[in-house]
Amino acid sequence: MYEKKFREKLIALIVSAGIAESKLGYELGKSKNYIRNITSGLAMPSIREFFNICEYFEITPADFFSEETDYPLLVNKIIEGTNGMSEQDLILLVSVINRLNLKNQRK
C-alpha cells in the first residue's frame, strides 16, 4: 500500500515538473531506466536515493509524504514567491486564496 502511494507521489512530481523519467534518472546519476523501475513497481529507492529525489525536486521528505497537497512543487514556489512581500500584499494574497477556496467549495 505504501509503495503504491510512493510511486503515485513520485509520478505526480515528475508530471508536475514536466520532465521525463529517463532525464530524472540521469540527473540523479543513475541509468535511464532507474526511475521507470521505481514508478512501475519493479524497485524502490534506497533512503539515500529518496533524499536525492527530494533534493532534486527541492522538497523535504515531509513534503513528499504530505497528504495535504498533491502539488508540493507548486506550493513551495508560491511560498518562495511570497518572500519579501509586504504585509499588505500578503493580506491581499490571503484574501485571493480564501476567495478561490470558497469558489472551489461551491462546485
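Helices here are DSSP runs of H or I with at least four residues, numbered from the N terminus. This is a predicted model, where local features need pLDDT of at least 70, side-chain atom pairs count only at pLDDT 80 or more, and totals for chains, interfaces and linings use all residues. Residues are numbered from 1 along each chain as its sequence is written, and side-chain values use heavy atoms, with hydrogens and water left out.

Let's start with helix α6, which covers residues 72–82 and includes T82. With a relative accessible area of 18%, T82 is buried (buried means under 20% relative accessible area, using a 1.4 Å probe and protein chains only). Leaving aside residues up to four places away in sequence, T82 touches L90 and L93; contact means heavy atoms within 4.5 Å. P72, L73 and N76 are buried in α6 too. The buried residues of α6 pack against α1 (2–17), α4 (47–57), α5 (61–65) and α7 (87–106). After α6 comes G84, with a positive phi near 90°.

Now for the pockets. On a 1 Å grid over the protein atoms alone, a pocket is an open set of points with protein on both sides within 12 Å along at least five of seven lines, and lining residues have an atom within 4 Å of a point. A volume is the space filled by probe spheres set on the points, which are joined across faces, edges and corners.

| Pocket | Volume | Top contributor to lining |
|---|---|---|
| Largest | About 300 Å³ | α1, 6 residues |

Definitions and conventions:
Helix = DSSP H or I, 4+ residues; strand = E, 2+ residues; numbered from the N terminus. Buried < 20%, exposed > 50% of the residue type's maximum accessible area, 1.4 Å probe, protein only. 1 Å grid on protein atoms, 1.4 Å probe; cavity = no way out; pocket = protein on both sides within 12 Å on 5 of 7 lines; lining within 4 Å.
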